[in-house]
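Here is a short briefing on one structure. Keep the sequence and the 3D view at hand while reading.

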Amino acid sequence: MEEFYRSFARRARDLAENADPFTRRRLLDLAQRYDLRSRPGSPGGRSIPPPRATPPTVLFSGSGEAR
């Protein structure tokens, strides 16, 4: 998985070389995020978010009967 993110970071940097200033900034930011994910044990390397402690109450409001 680490090589996957490293290759995406490299590709984003390659694309940034020929991009306009706004897009270059965005691509370089993206490359930096991919670099963080490519490091094992880094906070950005987590592939799935932690489970919710409680479900959202919006889904369970009301009587539960169909109208």
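The points below cover a helix, its aromatic rings, a surface patch and the salt bridges.

This is a predicted model. Helix α1 covers residues 2-16, and helix α2 covers residues 21-38. The structure holds four aromatic pairs and four salt bridges.

**Helix α1: span and buried face**

- Helix α1 has 15 residues. From first C-alpha to last, α1 reaches 21 Å, close to the 21 Å expected at 1.5 Å a residue.
- Four residues of α1 are listed as buried: Tyr 5, Ala 9, Ala 12 and Ala 16.
- Viewed down the axis of α1, the buried residues fall within an arc of 65 degrees, so they line one face of the helix.
- Buried here means under 20% relative accessible area.

**Aromatic rings**

- The structure holds four aromatic pairs. One of them joins Phe 4 and Phe 8.
- A pair of aromatic rings is described by the distance of the centres and the angle of the planes.
- For Phe 4 and Phe 8, the centres are 4.6 Å apart and the planes make an angle of 40 degrees. This pair is tilted, because stacked planes would be under 30 degrees apart and edge-to-face planes over 60.
- Phe 4 and Phe 8 are four residues apart in helix α1, so about one helical turn separates them.
- Phe 4 is partly exposed, at 42% relative accessible area. Phe 8 is also partly exposed, at 36%.
- Phe 4 and Phe 8 belong to one aromatic cluster with Tyr 5 and Tyr 34. Of these, Tyr 5 is buried in α1.

**Nonpolar surface patch**

- Met 1, Phe 4 and Phe 8 form a nonpolar patch on the surface. Together they have about 340 Å² of accessible area.
- Patch residues need over 30% relative accessible area. Phe 8 has 36%, and Phe 4 has 42%.

- Glu 3 forms a salt bridge with Arg 6. Their closest N and O atoms are 3.3 Å apart.
- Glu 3 and Arg 6 both lie in helix α1. They are three residues apart, about one turn of the helix.
- Glu 3 also meets Arg 10 in a salt bridge, at 3.4 Å from N to O.
- Glu 3, Arg 6 and Arg 10 are therefore linked in a network of salt bridges, since a salt bridge needs a side-chain nitrogen of Lys or Arg within 4 Å of a carboxyl oxygen of Asp or Glu.
- Glu 3 is partly exposed, at 45% relative accessibility. Arg 6 is partly exposed, at 37%. Arg 10 is partly exposed, at 45%.

- The side chains of Asp 29 and Arg 33 meet in a salt bridge, at 3.4 Å from N to O.
- Both residues lie in helix α2. Asp 29 and Arg 33 are four residues apart, about one turn of the helix.
- Asp 29 is partly exposed, with 34% relative accessible area.
- Arg 33 counts as exposed, at 52% relative accessibility. The cut-off for exposed is over 50%.

Notes
Residues are numbered from 1 along each chain as its sequence is written. This is a predicted model: local features need pLDDT of at least 70, side-chain atom pairs count only at pLDDT 80 or more; totals for chains, interfaces and linings use all residues. Side-chain values use heavy atoms; hydrogens and water are left out. Patches are made of residues with over 30% relative accessible area and no salt bridge: like charges are joined within 9 Å, nonpolar side chains (Val, Leu, Ile, Met, Phe, Trp, Tyr) within 5 Å. Accessible areas come from the Shrake-Rupley method with a 1.4 Å probe; for residues, only the protein chains shown count as cover. Helices (H or I, at least four residues) and strands (E, at least two) are DSSP runs, numbered from the N terminus. Buried means under 20% relative accessible area, exposed over 50%, partly exposed in between (1.4 Å probe, protein chains only). Rings of Phe, Tyr and Trp (its six-membered ring) pair if their centres lie within 6.5 Å; planes under 30 degrees apart count as stacked, over 60 as edge-to-face and the rest as tilted. The expected span of a helix is 1.5 Å times one less than its number of residues. The arc is that of the directions from the helix axis to the C-beta atoms.
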